[in-house]
There are 2 protein chains.
Amino acid sequence: MPRTVDREARRRELAEALWRVVRREGIDGISVRSVAAEAGTSAGALRHWFATQDELAAFSLRAVVDRVGERLAVSLPGLAGVEAALFLLEQMLPLDEQRRAETEVYLAFLGRPHAEGPLREIRGVAEAASRQAVAAAVRLLAGDGGLHPDRDPASAVDLLYPLVDGLALHSTLWPDRYPAEHVRAVLRAHVHALAGPP
Amino acid sequence: MPRTVDREARRRELAEALWRVVRREGIDGISVRSVAAEAGTSAGALRHWFATQDELAAFSLRAVVDRVGERLAVSLPGLAGVEAALFLLEQMLPLDEQRRAETEVYLAFLGRPHAEGPLREIRGVAEAASRQAVAAAVRLLAGDGGLHPDRDPASAVDLLYPLVDGLALHSTLWPDRYPAEHVRAVLRAHVHALAGPP
DNA sequence: CCTTTTCTAACACAGTTGTACTGCTATGGT
DNA sequence: ACCATAGCAGTACAACTGTGTTAGAAAAGG
């Protein structure tokens, strides 16, 4: 048998090259050739792994979404109540280099609101997952006295969810004005306030 | 002298053609030819008004930002306190067709966080203006008993500002899941809550 | 060592892109 | 009436794009 390569790992590797191009040059910077060069290979080789450019883009975006999803699915490291909820929410914020990369790439793919096709579908999944993660965080709060009994969990999610994405957006676009500590502080302040009466 | 055209109006007209292309096909849909066709003219004519594509893009984005800015600067129509604050904040949300168009176009230009040049500068101005508008809204609240004395105005802005942009983001990307009424309701609920103790 | 499979590079090609340039048209001042 | 010129269309061109095609290299089994 001929040489064999870990197929999934290879595709992931090429997707990461696309991420780097997107972060450096924006979504317009993506081309079969530029991504191939970034990955240290050729356009022909890239085509061996992804039949079309759209397939590469879809795979790359899905890889980002999956990575965040995996972090969200992991059991919380011995935390409970408010701390557990914050841990969960912070998985969706650009608080370190890895999460910043994820947010930037994801943002780059948002420029076409009405887009159709696989990319739109992936975004739809990501959106639903994000909202569910926020809902899970609110449930963690509610189960541990972190949510005041007079507060409606659904309303708490309605506010917390856009707040999280808004913070992610600002911190990604203006990391100097809205650094990780600021994002974390605003989030913590609000989550702690949820323990009080409305 | 030869025939003369309202130069600024003509440029604005072409910018609006670019908006339509961006909304229909996304930021990638922009090309000298596609925008010219959308405006019912030729690529050569477009070049007569904008030396380069970047100049056209910058002018178009600035036009969006200016339009929102003008609405924010207009004196409030006989409102005060909470209602005035809400009116101000709602100018930045995609609550009708015009504002939805603005938000979509602006979002389309956000895909390159680290971008440099005029586009980045315009975005910087828009970001600062948005934040100041939110701060103005909070001041309106504070001056009319809409902000509880135990609340810190700066903290209120720190939360309200990303909330507004997060709502705008969600409503633009998922108008079906987050329609105008939902956005308005979440915003009103939070602003009214600011009158209570923290 | 040799065969077979997998992988890669290189080239080909048609289409699109931004920009430049040329010349035509119509208009307002003289 | 005349014509200088703003406005515009059309063409040209080099660069780059995505996608095919083809031939060769690399590696694991016999």
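**Contacts, rings, cores and a pocket**

Tutor: We may; bear in mind throughout that this is a predicted model.

Student: Is B:H148 buried or exposed?

Tutor: B:H148 belongs to the loop between α7 (118-142) and α8 (153-173) of chain B. Its relative accessibility is 19%, and the cut-off for a buried residue is under 20%. B:H148 therefore counts as buried.

Student: Why is the pair of A:F50 and A:F59 called tilted?

Tutor: The whole structure holds 4 aromatic pairs over all chains. In the pair of A:F50 and A:F59 the ring centres are 5.4 Å apart and the planes stand at 55 degrees. Planes under 30 degrees apart would be stacked and those over 60 edge-to-face, so the pair is tilted.

Student: Which elements are joined by the aromatic pair of A:Y161 and B:Y178?

Tutor: A:Y161 and B:Y178 are also a tilted pair, with 6.2 Å from centre to centre and 55 degrees between the planes. Both residues are buried. The pair crosses between chains, joining helix α8 (residues 153-173) of chain A, which holds A:Y161, to the location of B:Y178, the loop between α8 and α9 (180-193) of chain B.

Student: What is the distance from the charged end of B:R177 to the centre of the ring of B:W174?

Tutor: Two charges over rings can be described in chain B. The charged end of B:R11 sits over the ring of B:F59, 4.8 Å from its centre. The charged end of B:R177 sits over the ring of B:W174, and its distance from that ring centre is 4.4 Å.

Student: Which residues touch the most other members of the largest nonpolar core?

Tutor: That core has 74 residues. B:L89 illustrates its contacts: beyond neighbours within four places in sequence, B:L89 meets B:V134, B:A137, B:L160, B:V164, B:L187 and B:V191. Another core, of 54 residues, lies apart and includes A:W49 and B:I30. In the largest core, the residues asked for are A:L89, A:L160, A:L187, B:L89, B:L160 and B:L187.

Student: Which residues lie nearest the centre of the largest pocket?

Tutor: The largest pocket has a volume of about 860 Å³, and 34 residues line it. The elements giving two or more residues to this lining are α4 (53-73) and α7 (118-142) of chain A, with α4 (53-73) and α7 of chain B. Nearest the pocket's centre lie A:I27, A:D28, B:I27, B:D28 and B:R112.

Notes
Residues numbered from 1 in each chain as written. Chains lettered and ligands numbered in written order. Predicted model: local features only at pLDDT ≥ 70, side-chain atom pairs only at ≥ 80, totals over all residues. Heavy atoms only, no water. Helix = DSSP H or I, 4+ residues; strand = E, 2+ residues; numbered from the N terminus. Buried < 20%, exposed > 50% of the residue type's maximum accessible area, 1.4 Å probe, protein only. Phe/Tyr/Trp six-rings, centres within 6.5 Å; stacked < 30°, edge-to-face > 60°. Lys NZ or Arg CZ within 6 Å of the ring centre and 35° of its normal. Core = buried A, V, L, I, M, F, W, Y, C linked by side-chain atoms within 4.5 Å. Contact = heavy atoms within 4.5 Å. 1 Å grid on protein atoms, 1.4 Å probe; cavity = no way out; pocket = protein on both sides within 12 Å on 5 of 7 lines; lining within 4 Å. Points joined across faces, edges and corners; volume = space filled by probe spheres on them.
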